[in-house]
Amino acid sequence: MSRAADTLGEKTAPRGAVFSIGTAGVPPAAFFKEWGGTDGTSCPHFAHPPDFAKCSPNGRLAQLVERLLYTQDVGGSSPSSPTMACRGFGDRSIDFRDPALCLAKRADSAGGLPISDPADHTRTQIDASLAAAGWIVQSRDAMDLDAGLGVALCEFSTAGPIGYALFVGGNLCGAIEARPAAATSSGSAEQAAPHVIGAPEHPAQREGQARFNYIAAGDDTLFRDHADPAPRWRRVFTFHRPETLQRWLADEATIRRRLQAMPPLATEGLRSCQADAVTALEASLAADKPRALIQMAAGAGKTFMACTLSHRLLEHGKFRRILFLADRATLVRQARDDFLAFHPPGAGRSISAPFTVQKLGPDGIDWDATVVTSTIERLYALLTGSELAEEDEERSAFEIGAKDAERLVRYNPEVPIETFDLIIIDDCHPSIYGAWRHVLAYFDAFIVGLTAAPSPHTLGFFGDNLVAQYSYERSVADGVNVGYEVYSLRPAAGGQGGKGQKACQPPVPGQRTPARRYEELAEDFAGVTGRKQIRTVLQAFRDSLADLFPGRTEVPKTLIFAKDDDHAEDIVDIAREAFSMGSDFAQKVTHRSRGGDPERVIRRFRSDYNPRIAVTADMIATGTDLRPLEAMIFLRDVKSALYFELMKGRGVRTITPAALRQVTPDAEAKTRFVLIDAVGVTESFGDPKLRALLKEVKRESASRVDAAAADTVFAGSHDEKSARDAVDKFETFVEVNRDRLIALQVLNGRSRAGQKLDRAALEELREILRRPPWLLEPVDIWQAYVRLDGDLVKGNPAGTLSDIVMLLRYGMGISATLKPLSAIAVSRFNMWLVQQERAGRVYSEAQKAWLRALRDYIAANAVIAMQDLMEAPDFSALGRLDRAYALLGAQLPRLLEELPQVLVA
């Protein structure tokens, strides 16, 4: 049996052909006897039989299959049908939908004679691709437009060199121009002016319908729809199905034309960053830009923005189906739930579901779904028909994607290229535009990427089309997220921590039986997080809580990042031991969590008192919403700056004080979170040269838990550099705006007549402080002063306007110490009362109750006005302005002027 016969048989049979040559089908001898003549050198079925005498057996087989593809009369069947009956072999047939048949069109390697010229090879490829997409390929002489919905007519004469005319429902609607391989450059494509538009009249042609153009050159295919507002060529994986062109012909307008007529966005319920992103994306789509990128800080509501965009495109743009890709199966389920719970802005409390949502699984696509959520791995499995365990979908592509081999796909008739109109990629990472880019290129769809920190490679993949940006610093300034501070737990004079001694045998994780296998170390190793080092770090964290969270006794909700599942197991055990707590106190959250559902642990971590500590490898490193989280510990290195930003994003989410107290009873409010760095990860991503060095020298290694390593004393310290940068920026702000802002002028004693420190002046200052280029939050400035000035700073800020006044007074050198106004207001108020009594102004208890209410309001806001007595809820129980006038009479205006001076000065 020839090698060509073997190849054709093996390639054809698995794809479902009921007739094949060689191993899986008819023996070559019988095949040649039927189709090549008794002697195998002539063919009784062809008007111009191939010259088999000049070919080797391989060449004869290849030429024979080629003739079968193009013959006009074989056993009375139509050769252009998807399958062709083979006389003499019962009801078996060759399946021409299999592109593998093109393998037969190759040079005769044995005889050195070409079987077909390049044009024939291109035609064979096009025939196979058209058949796979559901088209019936016919020659002009054997035209039968009633043979099926879509007919591709070969060698159709028009005003230009059209290779195929496309008929849908008997009507001419487009054309394919076949070209040599690599002949689809922009210049070459433009030379293929719409020949079909200038085609001579044909009985099947209707006005305005001959509008679809393809240029096919080898594996490269361009497509253009002349009904678009500005028709432009775009690359497609293969041809669209005839049903798709029929639907497009029936539509009143194309998607790209509808995108130019979208109604205004209803911004109710949207943050400004979300509204800006939707508007910018729609403008990009309307301009027919195939790819667009959104940079939006973690916690800013990317998924809600994506839901809003999707709803508008489905309702007004008439998109049929949208694909939302997430990093892991957990996030896919979360995205599905977010889409199902979405209510369009302006829709009020309508319970009508705007989406039919499916989480893609082994059963394939639900064709009634308008939104499909999936991992890229699951999508690849769908296209290739390969098996994929759901557990494999829990691996983060940030960790493994860069090492994966490139994923190539072939056309799958069950999932045509027009399946999705839009693909949204959440948390774009390098493997998306590396190993998996061919999976994305399969679909004829717009692609939108969402990222917290775009890299140059990401920008390149999206054509530098970064349409909207919303930085983490801006999100903190807007109150969308909270800031953070770094607390380093670094080795003391002992250097890089414990070293395993030579010939010491630490256990290898993954074999957790009592008879754990041990692996001898051939040399010392550094940087290993051993059990004693883990214990030392967690004990240091425990002992630092009073400093990190003053006045608190509860352990804050804490997330620890481990290297892998076994590392996480050890951390959980040691955390319970270090804090002398039970099993509920610390829980592991990985897809290998024993005896439980990891997603249930996540829900409990969000809403219950326990667990206080959650330990994960990468299952909740991205996307998962953990609003009560106030501390994060890195006991592992991170390989990607983007991945680190996303991991850090788990702690930035805001939460209401009431919701926080439900899980952490002694917490007043979440004003920032603390990042505990025990491995130097913040230093790695803060120094570009160090980042490059680490990337160069980093090697993959198993995580070894060194049970014999010596204890190392760690010294805890705050990130002084970050604190210094914040203070320097704040003091520069004060200097630059000293003569520009009313609040600074008043505090400096340089105010003009009529100027005073009021709410408007303070809010103006706070707004400018939060905006670029400063991007400073008063709470963060206060914490920076705590790190740098120690005992000169007392108490914790409450996030009020009075904090700004106290910061300004301290930063400008007016006050020698920094304290919350509430900490000094009571003593100053009491002293003022004594002075009032000495001056003969004695107040009744009812009047003092009102004065104390005024005091507390000023302690929080630094200023007070008559309007506040009418509107602020602080005074509602006391009777508001009318009651104040009844008790204090004409003294009230003077008191409102005098008390802020007394308390704030």
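**Entry 1. The chain as a whole**

What percentage of the 905 residues of the chain count as buried? I found that 53% of the 905 residues count as buried, where buried means under 20% relative accessible area, exposed over 50% and partly exposed in between, with a 1.4 Å probe and protein chains only. I note that this is a predicted model, in which local features need pLDDT of at least 70 and side-chain atom pairs count only at pLDDT 80 or more, while totals for chains, interfaces and linings use all residues. Residues are numbered from 1 along each chain as its sequence is written, and side-chain values use heavy atoms, with hydrogens and water left out.

I recorded 32 helices and 23 strands; helices (H or I, at least four residues) and strands (E, at least two) are DSSP runs numbered from the N terminus. The accessible surface comes to about 39,600 Å², and 49% of it belongs to carbon and sulfur atoms; the areas come from the Shrake-Rupley method with a 1.4 Å probe, and for residues only the protein chains shown count as cover. I also looked up contacts (heavy atoms within 4.5 Å). Among those between residues at least 6 apart in sequence, 68% join residues at least 24 apart.

**Entry 2. Strand E8 and its partners**

I turned to E8, which is mostly covered, with five of its six residues buried. Strand E7 (residues 212–217) pairs with E8 in the antiparallel sense over six bridges; two strands pair if DSSP finds at least two bridges between them. Within this pairing I located Ala-216 opposite Thr-221 in E8. E7 and E8 form a hairpin with two residues between them, and Gly-218 in the turn has a positive phi of about 65°.

E8 also pairs with strand E9 (residues 234–236), in the antiparallel sense and over three bridges. Here Phe-223 stands opposite Arg-234 in E9.

**Entry 3. Asp-225**

Which side chain makes a polar contact with the side chain of Asp-225? I found the side chain of Arg-211, at 2.9 Å. A polar contact is a pair of N or O atoms within 3.5 Å; within protein, one must be able to donate a hydrogen and the other to accept it, and residues adjacent in sequence count only if both atoms are side-chain atoms. A polar atom of the Asp-225 side chain also lies 2.9 Å from the backbone nitrogen of Ala-227.

Asp-225 belongs to strand E8 (residues 220–225) and counts as buried because its relative accessibility is 4%. Leaving aside neighbours within four places in sequence, I listed Arg-211, Phe-212, Pro-231 and Thr-254 as its contacts.

**Entry 4. Val-278 in helix H8**

I then examined Val-278, which lies in helix H8 (residues 272–286) and is buried, with a relative accessible area of 0%. Beyond four places in sequence, Val-278 is in contact with Leu-265, Met-305, Thr-308, Leu-309 and Arg-312. Val-278 and Ser-310 are 32 residues apart in sequence, and their C-alpha atoms are 9.5 Å apart in space.

**Entry 5. Nonpolar cores**

I defined a nonpolar core as a set of buried Ala, Val, Leu, Ile, Met, Phe, Trp, Tyr and Cys residues joined through side-chain atoms within 4.5 Å. The largest has 59 residues, and Phe-730, Tyr-785, Leu-808, Leu-851, Leu-854, Leu-869 and Phe-875 touch the most other members. Helix H27 (residues 801–811) gives the most to this core, with seven residues. Apart from it lies another core, of 51 residues, including Leu-323, Leu-382, Leu-383 and Val-409.

For Leu-869, I looked up contacts beyond four places in sequence; among them are Trp-850, Leu-854, Phe-875, Leu-881 and Leu-896.

Lys-848 lies in helix H29 (residues 845–861). Is Lys-848 buried or exposed? Lys-848 counts as buried because its relative accessibility is 17%. Setting aside neighbours within four places, I found Lys-848 in contact with Glu-837 and Tyr-843.

Ala-862 is in the loop between H29 and helix H30 (866–871). Ala-862 has a positive phi, near 70°, and is buried at 3% relative accessibility.

**Entry 6. Further backbone geometry**

Most residues other than glycine have a negative phi, and most peptide bonds are trans. I noted that Lys-318 has a positive phi, near 55°. Lys-318 lies in the loop between helix H9 (302–315) and strand E11 (322–325) and counts as partly exposed, at 48% relative accessibility.

Which residues does a cis peptide bond join? I found Asn-610 and Pro-611, with omega about 5°. Pro-611 is in the loop between helix H18 (598–607) and strand E20 (613–616).
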